[in-house]
Amino acid sequence: MRFTSALKTVTIGFALYASSGAALAQGGRNAEEAKKEEAAVRAEQTAKQLGLDPATKLPPATVPVDPQNVWDLDLSSGGRVRIQLRPDIAPAHVERIKELTRQGFYNGLKFHRVIPGFMAQGGDPKGDGTGGSTLPDLKAEFNPMPHLRGTVSMARAQSEDSANSQFFIVSLPRMQLDKKYTVFGRVIEGMQYVDAIHQGEPPADPTLILQASIESDGKPPVTALPTPPAPPAPSIIAPPAKASAKKPVAPKKK
């Protein structure tokens with residue numbers, strides 16, 4: 001009986017070894033399939049967290065840099081900030097930024113609201129947060145892109161469809177803004193100049209946008225606002241005196 005039991009144990013051991021050997025032979029393929037399944041589950045969970053249809057394809061986190069979609073801001077805080085625009089996620093907002101930029105709308109405007117550890121807001125011609133361009137407000141283009149450091153998003157009023165010309169640059173992640181404001185770009189160079197924007201609501205000495213341009217237009221950086229033309233000098237030559245009008249004289253009586 002002991003011999004029979006021992007034989008059964010050996011037989012079972014060989015069977016387990018054979019099955020494990022077969023699993024090892026297929027291990028590479030099974031591991032790869034498991035990784036794919038795990039990635040699919042994670043993607044579905046992320047989509048649910050973002051309130052999206054799991055079948056919705058998320059936009060890429062980054063795209064190739066195209067000069068036609070790079071927004072250059074020359075700041076009085078020290079240099080040029082390069083912002084990659086994302087027409088793939090916010091086409092109408094990107095088009096608005098390009099249109100206003102090429103009109104020269106942003107040149108000379110200040111960052112009127114700058115909160116440490118949060119964001120810097122600009123793009124208001126009034127300089128107090130209540131202004132905008134003469135163009136109509138934009139319909140919201142909320143998207144799943146997160147508000148990370150360097151994210152550029154459109155400011156708006158209470159209505160979701162009230163964005164116009166004002167924007168803000170995020171200095172530290174603020175995920176509570178996600179899908180409530182339209183992300184349309186992100187800083188790819190010059191974030192140190194964003195960090196140097198003067199703080200305050202409003203700042204005592206606000207940082208200015210010296211020049212805004214689209215990179216493909218090839219405008220060189222500027223370091224100061226253009227000097228306004230001097231008023232004309234007063235003339236040192238006195239104008240000729242006007243001849244006084246003479247009253248008519250009646251002829252004398254003889």
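Analyst: What follows is a chat about this predicted model.

User: Great. What does the pLDDT average over the chain?
Analyst: The chain averages 83, and 72% of the residues score at least 70.

User: Where does pLDDT stay under 50?
Analyst: Over residues 1-27, and for that stretch the model has zero contacts beyond four places in sequence. Where pLDDT is low, the predicted coordinates should not be read in detail.

User: Noted. How many helices and strands are there?
Analyst: The chain has four helices and eight strands. Going along the sequence, the pattern reads α-α-β-β-α-β-β-β-β-β-α-β.

User: And what share of the residues is buried?
Analyst: Of the 254 residues, 34% count as buried. As for contacts with a separation of 6 or more, 70% of them are between residues 24 or more positions apart. The chain exposes about 16400 Å², with carbon and sulfur atoms supplying 59% of that area.

User: Let's zoom in on helix 3. How many residues does it have, and what span does it reach?
Analyst: Helix 3 covers residues 91-102, which is 12 residues. From first C-alpha to last it reaches 17 Å, close to the 16 Å expected at 1.5 Å a residue.

User: Which of its residues are buried?
Analyst: In helix 3, the buried ones are His93, Val94, Arg96, Ile97, Lys98, Leu100 and Thr101. They pack against strand 1 (70-75), strand 2 (80-85), strand 5 (151-154), strand 7 (183-189) and strand 8 (209-214).

User: Take His93. Why does it count as buried?
Analyst: Its relative accessible area is 0%, and buried means under 20%, so His93 qualifies.

User: What is His93 in contact with, leaving aside neighbours within four places in sequence?
Analyst: His93 is in contact with Leu138, Lys139, Ala140, Glu141, Met154, Ala163, Thr182 and Phe184.

User: What comes just after helix 3?
Analyst: Gly104 is there, and it takes a positive phi of about 80 degrees. Asn107 then sits in the loop between helix 3 and strand 3 (111-115).

User: Switching topic: what volume does the largest pocket have?
Analyst: The largest pocket has a volume of about 300 Å³. It is lined by 19 residues, and the closest to its centre are Ala61, Thr62, Arg86, Met145 and Arg186.

User: Which element gives the largest share of that lining?
Analyst: Strand 7 does, with five residues.

User: Last thing: backbone geometry. Where is there a cis peptide bond?
Analyst: Between Glu201 and Pro202, with omega at about 5 degrees. Pro202 lies in the loop between helix 4 (191-195) and strand 8. Most residues other than glycine have a negative phi, and most peptide bonds are trans.

User: Which residue has a positive phi although it is not a glycine?
Analyst: Lys179 has one, at about 65 degrees. You'll find Lys179 in the loop between strand 6 (167-170) and strand 7.

User: Is Lys179 buried or partly exposed?
Analyst: Partly exposed, because its relative accessibility is 31%.

Notes: Residues are numbered from 1 along each chain as its sequence is written. This is a predicted model: local features need pLDDT of at least 70, side-chain atom pairs count only at pLDDT 80 or more; totals for chains, interfaces and linings use all residues. Side-chain values use heavy atoms; hydrogens and water are left out. Helices (H or I, at least four residues) and strands (E, at least two) are DSSP runs, numbered from the N terminus. The expected span of a helix is 1.5 Å times one less than its number of residues. Buried means under 20% relative accessible area, exposed over 50%, partly exposed in between (1.4 Å probe, protein chains only). Contact means heavy atoms within 4.5 Å. pLDDT is the predictor's confidence in each residue, from 0 to 100. Accessible areas come from the Shrake-Rupley method with a 1.4 Å probe; for residues, only the protein chains shown count as cover. On a 1 Å grid over the protein atoms alone, a cavity is a set of points where a 1.4 Å probe fits but cannot get out, and a pocket is an open set with protein on both sides within 12 Å along at least five of seven lines; lining residues have an atom within 4 Å of a point. Grid points are joined across faces, edges and corners, and a volume is the space filled by probe spheres set on the points.
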